[in-house]
Structures are given as C-alpha cells and as structure tokens.
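This report describes a two-chain model.

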Amino acid sequence: MSYTRVVAVAALCIGVFNLAPSASASPLDEAAEHYRPYLAEGITAALKGAKTLQTQVAADDLEGAKAAWLSARAGWERSEVFTSGFVPKLDQEIDAWPNATTGFHAIEARLFGTGDVHVKNDVDDLVAHLTELDGTVRKVALTPQGLLNGTAQLAYEVGESKSDGGESRISGTSLDDMRNNIGGIDFAYSTIFAAEIEARDPKLAATARAKIEQLKALVAVKDLTQIDVPTLRNVTEELVVALQSAAPKIGLGPPSLEPTP
Amino acid sequence: MFVRVFSFVAAGLLTGIAIQQAFAFPVGGDQTVLPVGTELNEDAIDLPREVFKSEAIDGRKSYLVNLGDLAFNAPTILGGAARQAGISCASCHVNGASNPKLFVPGMSTHPGTFDTTGPLFNPNADNHTLDAVRIPSLRGARYLAPYGHDGRFASLRDFIRNVIVDEFSGPEPSPAVLDALVAYIQDIDFLPNQNIGLDGKLTSIATEAERRGEALFSKPFPHDPTLSCAACHVPSGAFVDHQQHDVGSGGLFKTPTLVNADFNGPYFHDGRYTTFAQVVAHFDRVYDLGLSSQDRSDLVAYLNAVGDGAQPYERDGSSAEILEINDFSSVLGPAIATHDKDTIALAVDTVGGELRELAERIPDWKDTSVSGGVKERGLARTALKQVVLILRRIDMDATAGRFDDASAAYKSYSYLMAASIPALVSRAEPWSLFTPAVHDAHYAALRQLLQTKNMPQ
C-alpha cells in the first residue's frame with residue numbers, strides 16, 4: 001500500500017471513527033491517535049482476508065485460499081508496530097513461530113507446503129482472534145511510549161538475518177513481511193513522532209527519515225536473496241539509535257527493546 | 001558467526017533420530033542464497049578447541065591476532081553470496097580447525113568438502129566441473145607451507161588473499177587486515193598430544209600395536225626402497241615434507257600433516273576417505289605394499305596415536321561465546337585511540353553480528369516451543385540488544401569523527417560486557433538453545449513445520 005494512499009485512508013477514517021482527543025492530551029498523544037486508523041485498517045484488512053480464507057477453505061479452493069492468506073498476512077505485518085507490545089497474548093496465538101500449532105504459520109505450512117486446503121479449524125481460530133483484535137484496536141489506549149517501543153523493536157527485528165529464508169519461507173513471503181513491516185514503521189514514525197522530533201532536533205529527524213528511506217530502498221529488490229544483508233542490518237540499528245536519541249527530546253523514556261508480556 | 005542458516009532435509013532422510021543429527025538449520029523455501037539442503041553445522045553443541053601459541057607459552061593474544069580472529073569471523077571481508085549469506089572464514093574453518101559435517105548441495109562431494117572453483121561464491125572462478133576439495137584444518141598452519149592442496153602458494157599471505165578475492169569475491173583486503181589474518185592463522189596451534197614426543201616418536205605410553213605401526217611407518221616400500229610413509233610424512237617435521245607428490249589420487253598434492261589428523265577428516269585432497277583404514281588400504285594397493293591385515297590394523301593404531309590431541313572439542317555455551325566476543329571487541333580500544341575508522345567498522349559489524357546471534361539463541365517469549373524463564377530470557381535479550389546498539393553508536397560516532405564520544409561509548413560497552421551481560425545471559429541459559437532439551441524442542445518444532453513442504457500432496 002502506498003504511503004499517500006494510506007494517509008488518505010487515515011484521513012477518511014479519522015472522520016469515520018470520530019476520535020477527537022481530549023483537550024488535555026499532549027501533541028504526542030494526539031499524534032498517536034492518528035496512528036489508530038492505519039492500525040485499524042491493517043487489522044480489518046487482515047480480518048477480511050481471513051474471512052475470505054474461511055470461504056475458500058469451505059469451497060476447497062486451494063489457490064483462492066493461498067491468495068486470501070497472503071492478503072490477510074499483509075494487513076497483519078503492517079500492524080506489527082502495535083501487536084507484540086499491546087496485545088502479546090493475541091500476538092502469540094496469531095503469529096506463533098516455530099511451534100506453529102495455530103495461527104498464520106500453521107495455515108501457511110499446510111496451504112503452501114503440503115498443498116492441503118483442509119485447515120478449517122486453524123482458520124476459524126484465526127478469524128476469532130483477528131475479530132477480537134479488530135475490536136481491541138478501536139478502543140485500546142495508544143500510548144506514544146508503547147508505539148515508540150513497538151517501532152524500535154520492529155526496526156531492530158527487521159535487521160535480523162533472513163538467510164534461512166525467514167519466518168515465511170514456506171510461502172516465500174518473508175520479503176513481503178519485511179516490506180510491510182517497514183511500511184508500518186514508516187507510517188508510525190511519520191504520523192506520531194516525526195513532527196515532534198523535527199521541532200526539537202531537525203538534524204536527528206533528518207537522520208531518522210533518511211534511515212527509513214534507506215530501508216525502503218534496501219527491500220525494493222526482486223527477492224530475498226538480493227537484499228544487502230549487512231547494510232540492512234546496520235541501517236536498522238542506526239534507526240533504532242536515532243529513536244533512542246530522540247526519545248528524551250520528545251518527553252518519552254528510552255524505547256524498550258523487548259516486549260514485556 | 002553472523003549467519004543463521006538452516007539445513008532442510010529431504011523427506012527420504014527423515015527419521016526419528018534426526019533430532020540428534022545435522023537438522024539444526026533448515027534452509028527452506030527457494031529464496032535463500034545457499035542451496036536448500038545446506039548444512040553448515042553451525043548449531044553444534046561441541047566446537048573444535050582452539051589453542052593459541054601465544055597462550056600456550058603463557059602469553060596473551062596480541063592485538064594483531066585478535067584483529068585477525070575478528071576478520072576471520074567477519075562475513076563482510078568476503079563478497080557476493082558469502083557476504084549475503086553471512087559466511088565467513090570461520091564457517092568452514094570452525095575455530096581454526098575444519099568442518100567435517102559441512103555440505104553444500106551442488107558444491108560438495110562428501111561432507112567436509114567444498115568446490116572453491118564453483119559457481120556459487122565467485123562465478124568468475126567457476127571451472128565448470130565439480131572438483132570439491134576437503135576443508136583443511138588450520139592447526140599448526142605456520143609449519144605447513146606451501147598452501148593450497150597442491151601447494152601452489154608459497155606464501156600464506158598470498159594464499160589468504162587469493163581465498164578472499166578469487167574464491168569468495170571479496171574486495172581487496174587492506175594490508176592491515178591481511179597482516180592480521182596471517183598473524184592469527186600462524187598463532188593457531190596444534191592440540192598437544194602426549195603420544196608423540198621428541199622428533200615425533202611415540203612416547204612411553206604407546207601400545208604394542210602402535211609401536212608395530214610406527215616400525216611399519218618407516219619401513220621402506222618393497223618395490224621402491226627410497227620410499228616409505230615416513231619419507232614424506234617426516235615425524236620430526238610435523239609429519240610433512242613441504243613437497244607435492246602423486247600418490248595415485250589424481251595428481252600432485254602436498255603431503256598433509258598427520259598431527260591431530262584424527263579430527264581432520266575426510267582425508268585426501270578430495271575428501272574421498274573417512275577412515276585411516278581406507279587411507280592405509282589405498283597406499284597398500286597403489287604401492288603394492290603387501291600388508292597383512294595385522295599390519296594394516298597396526299598402522300591405523302599408530303595413525304590414531306599420532307593424530308590424537310588433548311580435549312579436541314569444547315562444549316559451546318554462553319560463556320565461551322562471550323569470551324570470544326570480548327577478544328574480538330578488544331581491538332576497539334586501540335582502534336578508537338588511533339582513529340582507525342575501518343577497524344572500528346569491522347569490529348562493530350562483526351561483534352554486533354555475533355551478539356545478535358547470541359541473542360537469537362535465547363528464544364523470545366513468542367517461541368511456544370520453550371516454556372519458563374520468560375523474565376530471564378527477556379532480560380538477557382534486552383541486555384544483548386542494548387550492547388549491539390552501543391556498538392552501533394561507536395561506529396556512528398567514529399564515522400562522524402566524534403572519537404571522544406566513541407571512546408565513552410566503548411567504556412560503557414566494556415563495562416556491560418564485563419559485568420551484567422555474562423550474568424544475565426548465564427541466568428537465561430537453562431531456557432536457551434545451549435541447553436540440549438530446549439535446543440531439540442525448538443528445532444523439532446521448526447523441522448515439523450518445514451516437513452510439510454516435502455510431504456506428498
């Protein structure tokens with residue numbers, strides 16, 4: 001999904017969700033609210049994909065099921081800035097790895113691995129979890145600190161080696177995961193933190209922006225094997241360092257690097 | 001080591017005992033730089049023990065040796081597919097030894113061999129035939145000139161440069177890095193062996209069979225009295241003669257050492273033999289030695305004695321990893337002081353990669369194949385990520401010329417690595433992949449997931 005399209009959707013959704021922050025909210029809290037529509041859109045898309053997956057599975061349509069899985073996955077990956085920090089239990093149920101007895105990867109293994117479309121139970125579970133998540137994202141308090149944590153954690157994780165094929169190796173979509181993750185980081189940073197950091201330290205803001213642009217360029221390759229892995233890793237670390245430096249300047253604590261479930 | 005590469009097993013090889021074997025790293029899908037089925041044995045619980053000459057004489061490794069060790073473990077001194085896949089010299093020469101389990105489909109003929117003139121790591125050097133050579137151990141390398149299986153390089157320095165640039169598409173290494181690599185490799189010592197003493201002769205603890213084997217070893221060949229095993233494998237000279245000979249294996253090849261050779265399989269330039277019995281049978285056949293089966297068995301006993309070494313393996317664990325990481329990062333002190341940006345960058349990239357890998361051996365909370373120790377795991381992972389980021393700061397500061405900041409950051413880093421990191425990581429170790437039960441559960445889950453790819457449709 002292109003950045004401008006997302007912003008347009010977000011603007012539309014702000015009206016739809018009628019989420020006016022309270023008068024005492026800080027600029028960061030207000031900005032965090034602007035992330036909500038994007039997050040909601042991602043989860044809604046994931047849920048829609050999962051429901052389509054349910055239909056395709058019921059119709060015994062393997063190719064249709066695969067396409068639906070891919071579309072559900074994309075929405076989920078875009079939202080990962082939010083998921084592990086705010087809804088850890090659901091995150092584990094939806095995205096378990098490597099012990100994928102349920103969730104995306106269990107379904108992936110059967111659809112893309114075995115070519116087996118009989119995944120009804122796992123898909124029903126996925127729909128149930130995403131439905132719960134869909135409700136949660138509309139109400140949950142979006143703390144700027146929590147979103148900073150999520151952004152930093154995800155950025156660090158993007159730099160991990162995928163030379164084993166990554167988490168979504170069976171469907172061959174680890175590169176798509178990375179692109180969606182980076183898209184999510186981009187949106188979160190731009191919407192929530194960029195303006196505040198720019199106001200306090202334009203040079204640091206420029207650095208963070210440059211790192212994100214570099215990350216987007218690094219994953220704009222044909223396939224996973226083309227990624228300049230060492231450079232990607234370095235840039236993700238530089239981005240996280242920039243976020244660490246920025247945090248105190250915008251009144252936040254250092255971003256935590258591990259989710260605390 | 002930076003790489004996390006996995007080896008994927010074809011359905012036909014799947015057995016219940018597989019967990020103990022080399023399944024640790026499944027490379028899955030078709031979007032991997034290394035071919036599916038690659039086995040690097042990176043997850044081995046026991047690693048070759050590395051003995052350094054400078055430590056053996058009660059000294060400490062020099063800056064040069066530590067820098068060389070660092071470069072040896074750096075994927076970024078190589079290029080192309082190796083760099084992409086996180087391969088470094090240490091991938092094949094684990095702890096300066098070899099890697100008898102290494103196998104890359106299409107590039108290896110036997111485990112422990114690799115085709116350095118193949119299409120994967122430098123297409124420009126591809127000679128369009130599968131002529132894999134065994135990975136030699138580097139123990140005692142300073143005694144074992146010339147270099148290369150056919151002894152084509154008199155100079156170790158030239159040989160190393162050739163490996164980096166021509167075999168692995170690396171950029172021209174800086175003179176400093178080359179010097180360091182030479183220093184490091186020359187510091188890798190043989191494992192001590194109580195079986196051989198003065199002039200390479202068996203000591204008093206030898207068995208009768210070994211002594212008979214020793215006698216046979218120097219006995220002139222019946223059809224050519226100028227030859228004997230010992231004529232080329234000179235016991236008083238590390239069992240080499242620094243020359244190339246044709247012993248009926250398809251060309252002139254350098255006499256390889258027999259010191260510590262118990263752990264250097266497979267044998268011969270192409271790794272065709274896995275046991276000394278096969279090697280002895282080869283010479284018996286080619287030179288028509290007329291050995292009885294007792295003779296052969298005695299020779300094998302002798303070779304086992306000569307090829308032995310004290311404590312050839314060490315259990316891998318977090319403290320071993322941290323010790324190595326600290327040795328690598330020790331180069332940062334002098335490098336920051338001398339404003340050596342290149343060395344700083346190399347150290348930050350390589351050590352950061354090692355720290356990331358260490359963190360990955362502590363499963364995150366989402367890994368449902370591990371239970372317990374959630375708090376300990378979280379604290380250890382967080383601490384490791386913190387030091388990775390401090391290292392990154394050091395590099396960012398150095399690049400911008402802020403060496404005072406880099407120095408301050410290095411102090412924080414050193415302090416953390418000396419105190420809290422070892423403690424936190426060791427506390428998390430019971431729930432880490434260093435612990436066999438946890439390791440096996442994690443990889444069983446992974447294997448089960450990837451097994452689906454090869455199941456019949």
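In this predicted model, H3(A) and H6(A) cross with a left-handed sense. Helix H3 covers residues 62-78 of chain A and helix H6 covers residues 104-114 of chain A; they pack at an angle of about 150°, and their axes are 10 Å apart. That angle makes H3(A) roughly antiparallel to H6(A). On the H3(A) side the contact involves A:Leu62, A:Ala65, A:Lys66, A:Trp69, A:Arg73 and A:Trp76, which meet A:Phe104, A:Ile107, A:Glu108, A:Leu111 and A:Phe112 of H6(A). Sorted by class, the contact of H3(A) with H6(A) holds eight nonpolar and three charged residues, and no polar ones.

| Helix pair | Residues | Packing angle | Axis distance |
|---|---|---|---|
| H3(A) and H6(A) | 62-78 and 104-114 | about 150° | 10 Å |
| H2(A) and H7(A) | 27-58 and 120-139 | about 160° | 9 Å |
| H10(A) and H11(A) | 202-218 and 229-249 | about 155° | 9 Å |

For helix H2 and helix H7 of chain A, the packing angle is about 160°. Angles over 145 degrees count as roughly antiparallel, and H2(A) and H7(A) are therefore roughly antiparallel to each other. H2(A) passes H7(A) in a left-handed crossing. Residues of H2(A) in this contact include A:Leu39, A:Ala40, A:Ile43, A:Leu47, A:Lys51 and A:Val57, while H7(A) contributes, among them, A:Lys120, A:Val123, A:Asp124, A:Leu130, A:Asp134 and A:Arg138. The contact of H2(A) with H7(A) has 14 nonpolar, three polar and five charged residues.

Helix H10 and helix H11 of chain A pack at about 155°, with 9 Å between their axes. The crossing of H10(A) and H11(A) is left-handed. From H10(A), the contact draws on residues including A:Leu204, A:Lys211, A:Ile212, A:Leu215 and A:Leu218, and from H11(A) on residues including A:Leu232, A:Val235, A:Glu238, A:Leu239, A:Ala242 and A:Ala246. Here the division is 11 nonpolar, five polar and two charged residues.

Chain A as a whole contains 11 helices and zero strands. Its radius of gyration is 18 Å, close to the 18 Å that the globule rule gives for 261 residues, so chain A is as compact as a globular protein of that length. Along the principal axes, the C-alpha atoms of chain A fill a box of roughly 55 × 45 × 35 Å.

Chain B has 17 helices and six strands. For its 457 residues, a compact globule would have a radius of gyration near 23 Å, and the 23 Å of chain B agrees with this. The box filled by the C-alpha atoms of chain B, along the principal axes, is roughly 70 × 60 × 50 Å. Chain B is divided into domain 1 (46-187), domain 2 (198-306) and domain 3 (317-433). Between domain 1 and domain 3 of chain B, the C-alpha centres lie 25 Å apart. The two domains touch through 11 residues of domain 1 and 11 residues of domain 3. The domain 1 side of that contact consists of five nonpolar, four polar and two charged residues.

Some local backbone features remain. The peptide bond from A:Trp97 to A:Pro98 is cis, with omega near -10°. A:Pro98 sits in the loop between helix H5 (88-95) and H6 of chain A. In chain B, a cis peptide bond joins B:Gly265 and B:Pro266, with omega about 0°. B:Pro266 belongs to the loop between strand S5 (253-254) and helix H9 (276-286) of chain B. B:Asp199, a residue other than glycine, has a positive phi near 55°. The loop that holds B:Asp199 runs between helix H6 (175-187) and helix H7 (208-218) of chain B.

Notes. Residues are numbered from 1 along each chain as its sequence is written. Chains are lettered from A and ligands numbered from 1 in the order in which they are written. This is a predicted model: local features need pLDDT of at least 70, side-chain atom pairs count only at pLDDT 80 or more; totals for chains, interfaces and linings use all residues. Axes are lines fitted to C-alpha atoms, for helices over the stretch in contact, and angles run from 0 to 180 degrees between N-to-C directions. Helices (H or I, at least four residues) and strands (E, at least two) are DSSP runs, numbered from the N terminus. A crossing is left-handed if the near helix is turned anticlockwise from the far one by less than a right angle, and right-handed if clockwise. Two residues are in contact if their C-beta atoms, placed from the backbone, lie within 7 Å. Ala, Val, Leu, Ile, Met, Phe, Trp, Tyr, Cys and Pro count as nonpolar, Asp, Glu, Lys and Arg as charged, and the others, Gly among them, as polar. Domain bounds come from an automatic or database domain assignment. The radius of gyration is taken over C-alpha atoms; the globule rule is 2.2 Å times the number of residues to the power 0.38. Angles under 35 degrees count as roughly parallel, over 145 as roughly antiparallel, 65 to 115 as roughly perpendicular and the rest as oblique.
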